[in-house]
Amino acid sequence: MPAPVSQPDDPALLRIDGPIATITLNRPAAFNSINLAIAQKLEQLAAYLEGDDGIRVLVIEGEGRAFSAGGDLQTIGAAAEAGTVTPVVGELLKHYHAFIEIVRRMPKISLSSVHGSAAGAGMGLAFVTDLCIAAEDAKFTPAYAKIGVSPDGGSTVGIVNTVGPRRALQIFLAEDNFTAQQANAWGLVAKVVPAAELKAATRTLAERLAQNPAAAIAGTKSLVYQAATTPVKQQLDAEEHKIIMAMNTEEFRAAVKKFTSKSK
């Protein structure tokens, strides 16, 4: 299947450079808030990338002044006034949550690159990816409780699994916002860099991640995410299965040959 061709006015753009794919949220005038159009586009792009064996790393970034302001409250507010929240938000989340599911399960590493504001579902997206790198000026805003709702957009998936239930309750119910430095201390952000260096630092980290063989990435991601809920024997069996699969690849044989030749 050929790669989708992005047009400048698409709500999300795809760029592929070797083993690294970049999805750019492209609604800068709306601070990259999530509406139906962007949710559908994100699902389409992720579905393509999941099936592209040449891609090892997916970077998600935002165009303009913000990473993402979360759900589009213009659309959602109008639906609330009209009494159509259930079908409107249900359709939006059907596509957006499908996108999140693909990002979590795909045998590739996802990396969010966050600058400016990441609020609500935008905060959820930042932390539902496998890793997050953030600019020093990035600000994370839970936003949900203030408008009387509970989290969505994968927010509880990424955050709870990282920080645990008590810290998660603090984040969602007791924090107006928090900094990139706090997120780093809590384990939600892997690296904090000056805003002017974010793009270059993101590229460097993505290239480092892409050096890992595909089988190593796929096996490690699968094992890590299932470890917390899998019985020990089942997890050990999965480790055995994944490592033997990886050892049957040309990349493994070449790596071992290189290593053993150095040790002689």
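Modeller: In this predicted model, alanine 143 is partly exposed, because its relative accessible area of 29% falls between the 20% under which a residue counts as buried and the 50% over which it counts as exposed. Alanine 143 belongs to the loop that runs between strand 7 (139-141) and helix 5 (155-163), and its phi is near 70°, a positive value in a residue other than glycine. Phenylalanine 31 also has a positive phi, near 55°, and is likewise a residue other than glycine. The place of phenylalanine 31 is the loop between strand 2 (20-25) and helix 1 (36-50), where, with a relative accessible area of 35%, phenylalanine 31 is partly exposed.

From these loop residues we can turn to a strand. Strand 6 (residues 131-135) has four of its five residues buried, so strand 6 is largely enclosed by the rest of the structure. Strand 6 is joined to strand 4 (residues 109-114) by four bridges, and the two run parallel; within this pairing, valine 114 stands opposite alanine 134 of strand 6. Strand 6 is also joined to strand 9 (residues 191-193), here by three bridges, and this pair runs parallel as well.

The helices come last. A packed pair of helices is described by the angle between the axes together with the distance between them. For helix 3 (residues 85-105) and helix 4 (residues 121-128), the packing angle is about 15° and the axes are 11 Å apart. That angle makes helix 3 roughly parallel to helix 4, since angles under 35 degrees count as roughly parallel. The crossing of helix 3 and helix 4 is left-handed. On the side of helix 3, the residues in this contact are Tyr96, Phe99, Ile100 and Arg104, and in helix 4 they meet Ala121, Leu125 and Val128.

Notes
Residues numbered from 1 in each chain as written. Predicted model: local features only at pLDDT ≥ 70, side-chain atom pairs only at ≥ 80, totals over all residues. Heavy atoms only, no water. Axes fitted to C-alpha atoms, helices over the stretch in contact; angles between N-to-C directions. Parallel < 35°, antiparallel > 145°, perpendicular 65-115°, else oblique. Left-handed = near helix turned anticlockwise from the far one by under 90°. Contact = heavy atoms within 4.5 Å. Buried < 20%, exposed > 50% of the residue type's maximum accessible area, 1.4 Å probe, protein only. Pairing = 2+ DSSP bridges.
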